[in-house]
Amino acid sequence: MNDTGSRTSTQSGQTLVLITLFMFALLGMCALAIDVGVWYQQKRAVQNAADAGALAGAATLPTGWSAATSAAAAELTANIQGATVTYQPASVYVTNDSIRVTASKPAQSFFAKALTSKSVTTTATATATFMNAGGGALPWGVLKQTYTPGTTYPIYVDQQGPNNGALRLPAWDTGSSTCSTSGLSGGGASLYAAEVSGGVTVCPVKINDVLGTKTGQNSGPTTQAVTDRCGGAALQPVSSIVSFPAGGTPNLLKPASCQVVLLPLVVDANTGNPVWPTTGSGNVRVVGFSWWVVSAVKNGGKEVDAVYVGDAPITATTSGGSLPAAYTAQLTG
């Protein structure tokens, strides 16, 4: 009896079984690797969509939660389909200054479903925070009240009451690489005038920032600053810059005009009421921003009038270009 031949045949049979099992295992690993790669790509797509949705929502938060979720949903849907999405308010720096978007989508599975009946879902979360006002806010604060588009209001009145609408906005000091309200352009009235004229870069102003009011006589600096802002040219009729169709949205004919300004909407920092502080040098809290068109400088600079366009961000036709971004948003989680 040939034991050697029998053992060789048995070993060959065992080897074949092992090779077969190994091949199946290898194929399974390759198949799983393909599925994992697909899942990873989908995870990236879901995360990118969540990021885009959160940023769009955060940039619209100042107009309300409903507008923010609508903007987030529109942006997210434009980037991915078939996802289940939830939107939650979040607080990063101040209460409800952020939106958190969570998106989930069933993952495609080409081979893993043959090994398990469990489904795979990719989920991504993104948090974005409303940050600041762009476009260079001017140092005139307007009280948070109801204004009518197309109507003229005084936005600055010199020495009327304890305060007059002027704000102490920090500006960028290239020498010290800091934001400052003193030591730059001479500080005081000189800095105020430079901020109105555009001679310095106003630092970002955020909702909930507390700003000091600027008292004193500013009539001379105001007159000169508005003149310098427009390059020495006379102010143009507001109708040549923006029109207000009956029952329609404003049409900005010249959004880049020197007369188009972004102003902080403010309330008393202590009481939260839309009134100027009763003390000579008080503080106000920023609660929003609004677009205006300067229409006149009166009484030797003691009064500046402007036509209200709308709170930022606004829905408007900009046939002559586009407004600077009133708000920016940043991913914070």
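This is a predicted model: local features need pLDDT of at least 70, side-chain atom pairs count only at pLDDT 80 or more; totals for chains, interfaces and linings use all residues.
User: Hi! Which residues line the second largest cavity?
Analyst: The second largest cavity is lined by Trp140, Val226, Arg229, Cys230, Leu235, Cys258, Gln259 and Val294. A cavity here is a set of points, on a 1 Å grid over the protein atoms alone, where a 1.4 Å probe fits but cannot get out, and lining residues have an atom within 4 Å of a point. Residues are numbered from 1 along each chain as its sequence is written, and side-chain values use heavy atoms, with hydrogens and water left out.

User: What volume does the second largest cavity have?
Analyst: About 40 Å³. A volume is the space filled by probe spheres set on the points, with grid points joined across faces, edges and corners.

User: And how does its lining divide by class?
Analyst: The lining of the second largest cavity has six nonpolar residues, one polar and one charged. Ala, Val, Leu, Ile, Met, Phe, Trp, Tyr, Cys and Pro count as nonpolar, Asp, Glu, Lys and Arg as charged, and the others, Gly among them, as polar.

User: How many cavities of 30 Å³ or more are there?
Analyst: Two. The largest cavity holds about 60 Å³ of space. Its lining is made of Leu167, Arg168, Leu169, Thr181, Gly188, Leu191, Tyr192, Glu195 and Lys214, which divide into four nonpolar, two polar and three charged.

User: Which element gives the most to that lining?
Analyst: That's α3, with four residues. Both β6 (167-168) and α3 (188-197) supply at least two residues each. Helices (H or I, at least four residues) and strands (E, at least two) are DSSP runs, numbered from the N terminus.

User: What sits over the ring of Tyr192?
Analyst: The charged end of Lys214, 5.8 Å from the ring centre. For this, NZ of Lys or CZ of Arg must be within 6 Å of the ring centre and within 35 degrees of the ring normal.

User: New topic: how many aromatic pairs are there?
Analyst: Six aromatic pairs. Rings of Phe, Tyr and Trp (its six-membered ring) pair if their centres lie within 6.5 Å; planes under 30 degrees apart count as stacked, over 60 as edge-to-face and the rest as tilted. One of the pairs is Tyr153 with Trp292, edge-to-face at 5.9 Å centre to centre with 85° between the planes.

User: Why does that pair tie together separate parts?
Analyst: Tyr153 is in strand β5 (residues 152-157) and Trp292 in strand β13 (residues 283-298), so the pair joins parts 139 residues apart in sequence. Trp292 also pairs edge-to-face with Tyr308, at 5.1 Å centre to centre and 65° between the planes. Ring pairs link Tyr147, Tyr153, Trp292 and Tyr308 into a cluster.

User: Is Trp292 buried or exposed?
Analyst: Trp292 is buried, at 0% relative accessible area. Buried means under 20%, exposed over 50% and partly exposed in between (1.4 Å probe, protein chains only).

User: Which residues touch the most other members of the largest nonpolar core?
Analyst: Trp140, Ile155, Leu263, Phe289 and Trp292, out of 43 residues in that core. The largest share of this core, seven residues, comes from β13. A nonpolar core is a set of buried Ala, Val, Leu, Ile, Met, Phe, Trp, Tyr and Cys residues joined through side-chain atoms within 4.5 Å.

User: Last one: where does Gly301 lie?
Analyst: Gly301 is in the loop between β13 and β14, and it counts as buried at 1% relative accessibility.

Note on methods:
On a 1 Å grid over the protein atoms alone, a cavity is a set of points where a 1.4 Å probe fits but cannot get out, and a pocket is an open set with protein on both sides within 12 Å along at least five of seven lines; lining residues have an atom within 4 Å of a point.
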